[in-house]
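I opened this structure for a first look and kept notes as I went. The entries below follow the order in which I looked things up.

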Amino acid sequence: MVFERPKAGERALLVDLDIGRYATEADEREEFALLAAAAGAEVVGAIGGSRATPDRRLFIGTGKAEDLKALVETTGADLVIFNHPLSPAQERNLERLLQCRVVDRSGLILDIFAQRARSFEGKLQVELAQLKHLSTRLVRGWTHLERQKGGIGLRGPGETQLETDRRLLAKRVAMLERRLQRIEGQRAQGRKARARAELSVVSLVGYTNAGKSTLFNALTEAGVLEADQLFATLDPTLRRLGLPSGDRVLLADTVGFISHLPHELVAAFRSTLEETRSAALLIHVVDAAALNHSRLIADVEAVLTEIGSADLPRLEVFNKIDRLESETPRLERDGDGRPIRVWLSAQSGLGIDLLLQALSELTGGERLSRSVRLGPGDGRLRAWLFEHTRILAEEAIETGGWEVRFSISRSDLERRLIRDPDLGRRLVTESRP
């Protein structure tokens, strides 16, 4: 990294103001404190207030800034975190006044991502997002070099240290973008291979810490990290999932969303989020025990709109009902009988069977019953039937081969017949299962 961050402690003060008509809710303030804790900060104080509009120079205004300076001196804080986006000039002015590091909400979330990224791709994505975020803030680390040095022995090649750093940073950003483009190409190839294998992708989405990874493990026994903390999962994981109908889908666990997700992260994680954009169905996991369902759902919908996934079909899953006394596992349907919401507990397993039932209905569609006679040379087709259909019966034929009765969704059968028209002439139609 080109940047040298201060190596002081992480005693932090939190700043959260009500701006204009928007007042911060209690659960949002609690989430802000959890974000700071997730980054490793020790919160030693907080300051609030209200303003009609942010101050152009200090965001919080001169009087509030002096109060904050006094609080920094009293608590010995070495970091001030704002629950708001700050301009580079505002950060610089606040640091000069407070004599400590200042981080806005975007910088805080980026720091958490940097700590949690484990895969090579995840680390590249986070570094790219950090560099783009910090590129406009580079000047604050080089205020003593803003002018070119002159005089005997000090004449340079016509480039200040700041300009050199900006050039090196631009080269690093370009290199990271090239690497991520190659990885994105590899992901695109993987999606094409899954399409050829006729596997539908079902993607778990939701607010951070809603329990997506716990639900993913309950369904697939994948063993991905589960933790009661924000952004425990950054790197996507995909596993095959067998459904009661006999169909199989590919289940994807993705990074959690949050309100005011930095645009740099959305851009950097575009290849990861493409798994969500290409999904056949979104499972929107909601924390049923959260104080404000509507806000969390609206924030997730805003991010889905930003990444181009707003029109995809979805199933709501209200998780963590074990924390509520009055809720029981249940499956809710719309007026046409289509599953729209499942209430369950991924931790205890209550209601998982209802979710699998809903997925069978939503991904399989109408199911058909067919039979086919297979010769000794049809081993590949027989293997495909066992992998993609529900086998109802199989009998060996005396002359060699098998007669197979199976159940298959109409969409899967239509896709297969496009590739293998001869199969259609060999099938025998039966009554629906």
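**Entry 1: helix α3**

I began with α3, where Gln90, Glu91, Asn93, Leu94, Glu95 and Leu98 are buried. I take buried to mean under 20% relative accessible area, exposed over 50%, and partly exposed in between, with a 1.4 Å probe and protein chains only. Helices (H or I, at least four residues) and strands (E, at least two) are DSSP runs, numbered from the N terminus.

I noted the ground rules here. The model is predicted, so I ask for pLDDT of at least 70 for local features and 80 or more for side-chain atom pairs, while totals for chains, interfaces and linings use all residues. Residues are numbered from 1 along each chain as its sequence is written, and side-chain values use heavy atoms, with hydrogens and water left out.

What covers the buried residues of α3? I found that the cover includes α2, β5 and β6 (101–103).

**Entry 2: His84**

Next I looked up His84, in the loop between β5 (79–82) and α3 (88–98). Is His84 buried or exposed? Its relative accessibility is 8%, so I count His84 as buried.

I then listed its contacts, meaning heavy atoms within 4.5 Å. Leaving aside neighbours within four places in sequence, His84 touches Val15, Asp16, Leu17, Ile19, Phe59, Asp104 and Arg105. With Leu17 there is a polar approach: a polar atom of the His84 side chain lies 2.9 Å from the backbone nitrogen of Leu17. A polar contact is a pair of N or O atoms within 3.5 Å; within protein, one must be able to donate a hydrogen and the other to accept it, and residues adjacent in sequence count only if both atoms are side-chain atoms.

**Entry 3: salt bridges**

How many salt bridges does the structure hold? I have 23. The rule is a side-chain nitrogen of Lys or Arg within 4 Å of a carboxyl oxygen of Asp or Glu. I picked out some of them.

Glu42 pairs with Arg11, and their closest N and O atoms are 3.8 Å apart. Glu42 is in strand β3 (residues 42–47) and Arg11 in strand β1 (residues 11–15), so this bridge ties together parts 31 residues apart in sequence. Glu42 is partly exposed at 46% relative accessible area. Arg11 is also partly exposed, at 30%.

Arg295 and Glu31 meet in another salt bridge, at 3.8 Å from N to O. Arg295 belongs to helix α10 (residues 293–306) and Glu31 to helix α1 (residues 26–38), so the bridge joins parts 264 residues apart in sequence. Both Arg295 and Glu31 are buried.

For Arg240 and Glu387, I read 2.5 Å between the closest N and O atoms. Arg240 sits in strand β8 (residues 237–242) and Glu387 in helix α12 (residues 379–388), so this pair ties parts 147 residues apart in sequence. Arg240 is partly exposed, at 43%, and Glu387 is partly exposed, at 29%.

Which residues form a network of salt bridges? I traced Glu28, Glu31, Arg105, Arg295 and Asp299.

**Entry 4: aromatic rings**

For ring pairs I took Phe, Tyr and Trp (its six-membered ring) with centres within 6.5 Å; planes under 30 degrees apart are stacked, over 60 edge-to-face, and the rest tilted. The count is two aromatic pairs.

Phe59 and Phe82 are edge-to-face, with 6.1 Å centre to centre and 90° between the planes. Phe59 is in the loop between β4 (50–51) and α2 (62–75), and Phe82 is in strand β5, 23 residues apart. Both Phe59 and Phe82 are buried.

Phe318 and Trp343 have ring centres 4.5 Å apart and planes at 20°, so I call them stacked. Phe318 lies in strand β11 (residues 314–319) and Trp343 in strand β13 (residues 339–343), 25 residues apart. Phe318 and Trp343 are both buried.

I also checked charges over rings: NZ of Lys or CZ of Arg within 6 Å of the ring centre and within 35 degrees of the ring normal. The charged end of Arg330 sits over the ring of Trp343, 4.3 Å from its centre. The charged end of Arg382 sits over the ring of Trp402, 4.6 Å from its centre.

**Entry 5: Leu417**

Last, I looked up Leu417 in helix α13 (residues 410–419). Leu417 is partly exposed, at 26% relative accessibility. Beyond its neighbours within four places in sequence, Leu417 is in contact with Leu423, Gly424 and Leu427.
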